[in-house]
Amino acid sequence: MKRVYNFSAGPAVLPEEVLREAANEMLDYKGCGMSVMEMSHRSKAFAEIIETAEQDLRDLMGIPDNYKVLFLQGGASQQFAMIPMNLMKNKVADYIVTGQWAKKAAAEASKYGKVNKIASSEDKTFSYIPDCSDLPVDEDADYVYICENNTIYGTKFKELPNTKGKTLVADVSSCFLSEPVDVTKYGLIYGGVQKNVGPAGVVIAIIREDLITEDVLPGTPTMLTYKTHADAGSLYNTPPAYGIYICGKVFKWLKKMGGLEVMKERNEKKAKLLYDYLDQSKLFKGTVEKKDRSLMNVPFVTGSDELDAKFVKEAKEAGLENLKGHRTVGGMRASIYNAMPYEGVEALVAFMKKFEEENL
């Protein structure tokens, strides 16, 4: 069996230990004679899977009792509509646009009310995080929205914006569980799991209970009402059962590794190795302002489209997969999520050094 180093932005690398465990249980989960893929979501076995997954996530993140954990479908993109449908009571919301996904979220929300773009970094191709210490927050805004880590552009909020008392809503898809987080600073924190937590098909929303009401925008579908899922314990309809099972295994793996403090240290060490090389390289260059660099997604370029394409091709031949940058940025991007081992980043840097020697 040949495993490559997978630098994909998502669906992305998962812990090998988790994949092996799932493989061992594929035909017979804990003696029940069937796969989790086949079992009823109403069964006792699955109830234990989803309840344990929720508890382990609560332990990892220190989620307070007055927050609900919802395992949903539709990916992060469905939340772009679900959030305004449920939270836009005054039909006003403030959005900080630091990348493609926040931009799409703002466009979707504008279908339901007035959206103020109170800060943006689009003027420099989203290569930095704007100063959010004193924003023109609308008095009527129902919430302030951010995408905390920008997968495409490789930026990360190191400090949360000053929302002047307004509810903070954050998409954390690509930095989920990569470091400790104070959940109480958010009204709603959510993410698609396919980057740092599990397989595609699950989105986890952690939402403060006072925001879960029946008072939603007229015409909001039953399935897009947070209360529907909160009241039913994420089992209103058939959930993405197998995906939740894998997420649960990843939560156990994270706990075994030492929790989010340890993951942050590991992630900083990996990112430092790559950024230190980029900072001294004569061929490669990072595209993000140093103070705003993501620990998860590292975009870089050579300055030549031809050389970029050659690098991606030769890297693939060397077992370094999915390094091509997003089509809106070009160049390369290495996504080095929790499950990417340090050795993977070492192999990437070694290959980059070799490529630099041969192509300068």
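This is a short tour of a predicted model, stop by stop.

**Stop 1**

Seven of them form an open sheet, in the order 2-10-9-8-5-3-4. The pairing is mixed. Now select residues 67-72 and 114-120: these are strand 2 and strand 4, the edge strands. Each of them pairs on one side only. Look along the sheet and follow the twist, which averages 20 degrees from one strand to the next.

**Stop 1: the strand 2 edge**

For a landmark, show Leu 70 of strand 2. Opposite Leu 70 stands Ala 205 in strand 10.

**Stop 2: the helix on the sheet**

Select residues 75-87. This is helix 3, and it packs on the sheet. Helix 3 touches strand 2, strand 3 (92-97), strand 5 (143-147), strand 8 (167-171), strand 9 (188-192) and strand 10. Color strand 9 to compare directions: helix 3 makes about 155 degrees with it.

**Stop 4**

Go to residues 92-97, strand 3. Is this strand mostly covered or mostly open? It is mostly covered, with six of its six residues buried. Show the side chains. Val 92, Asp 94 and Ile 96 point one way. Ala 93, Tyr 95 and Val 97 point the other way. Both sets are buried.

Next, bring back strand 4. It pairs with strand 3 in the parallel sense, over six bridges. Pick Asp 94 again: its bridge partner in strand 4 is Asn 116.

**Stop 3: two helices together**

Select residues 44-61 and 241-257, which are helix 2 and helix 6. They pack at an angle of about 40 degrees, and their axes are 9 Å apart. That angle lies between 35 and 65 degrees, so the two helices are oblique to each other. Helix 2 passes helix 6 in a left-handed crossing.

Show the contact residues. On helix 2 they include Phe 46, Ile 49, Ile 50, Ala 53 and Leu 57. On helix 6, Ile 244, Tyr 245, Gly 248, Phe 251 and Leu 254 are among them. Color the contact by class and you get 11 nonpolar, two polar and four charged residues.

**Stop 6**

Finish with a distance from Ala 47 to Lys 353. They are 306 residues apart in sequence, and 50 Å apart in space from C-alpha to C-alpha.

Technical notes:
Residues numbered from 1 in each chain as written. Predicted model: local features only at pLDDT ≥ 70, side-chain atom pairs only at ≥ 80, totals over all residues. Heavy atoms only, no water. Pairing = 2+ DSSP bridges. Helix = DSSP H or I, 4+ residues; strand = E, 2+ residues; numbered from the N terminus. Axes fitted to C-alpha atoms, helices over the stretch in contact; angles between N-to-C directions. Contact = heavy atoms within 4.5 Å. Parallel < 35°, antiparallel > 145°, perpendicular 65-115°, else oblique. Left-handed = near helix turned anticlockwise from the far one by under 90°. Nonpolar A, V, L, I, M, F, W, Y, C, P; charged D, E, K, R; others polar. Buried < 20%, exposed > 50% of the residue type's maximum accessible area, 1.4 Å probe, protein only.
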